Amino acid sequence: MTRICCRCTRVEQGDQWLTSYRAPVVREPMTHAYCPDCYEAMLFEIETQCRDRRTGARIDRLQPVASEVCSTCA
C-alpha cells in the first residue's frame, strides 16, 4: 500500500519519502499518513495548542515552536 503524506503530499517508496511520484500503471491501494518531517511539525503544533489553551492564550493559527510538553499532555 502506498502512503501519501497528508500535509506535504510526499510519497513513501520503500523506506524513503519522495517529492515526485509516478502513478503505477496498475492501480494500487493508497492511504494517507505523515512523513517523518511533517509528523514532527504536527507534534510541535499540538504541543503549542495544548500550552496555549492551558495558559488561556487565544489561538488564531497553530505555529511550530519549542518542543516542550505541558503537564496535561505529558
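I began at G56, which follows α1 and has a positive phi, near 85°. The model is predicted, so I kept in mind that local features need pLDDT of at least 70 and side-chain atom pairs pLDDT 80 or more, whereas totals for chains, interfaces and linings use all residues. Residues are numbered from 1 along each chain as its sequence is written, and side-chain values use heavy atoms, with hydrogens and water left out.

I then checked the length of α1, residues 36-55: its 20 residues should span 28 Å, and the end C-alpha atoms are 29 Å apart, which agrees. The expected span here is 1.5 Å times one less than the number of residues. Helices are DSSP runs of H or I with at least four residues, strands are runs of E with at least two, and both are numbered from the N terminus.

I listed the buried residues of α1 as C38, A41, E45, E47, T48, C50 and D52, where buried means under 20% relative accessible area, exposed over 50%, and partly exposed in between, with a 1.4 Å probe and protein chains only. Their cover includes β1, residues 2-5. For C38, leaving aside neighbours within four places in sequence, I noted contacts with C5, R7 and C8, a contact being heavy atoms within 4.5 Å.

C38 also belongs to the largest nonpolar core, together with C5, W17, A33 and C35. Such a core is a set of buried Ala, Val, Leu, Ile, Met, Phe, Trp, Tyr and Cys residues joined through side-chain atoms within 4.5 Å.

T9 is exposed, since its relative accessible area is 54%.

Y34 lies between β4 (30-33) and α1, and I recorded Y34 as partly exposed because its relative accessibility is 37%.

I counted one helix and four strands in the protein chain, in the order β-β-β-β-α from the N terminus on. Buried residues make up 22% of its 74 residues. Among contacts between residues at least 6 apart in sequence, 38% join residues at least 24 apart.
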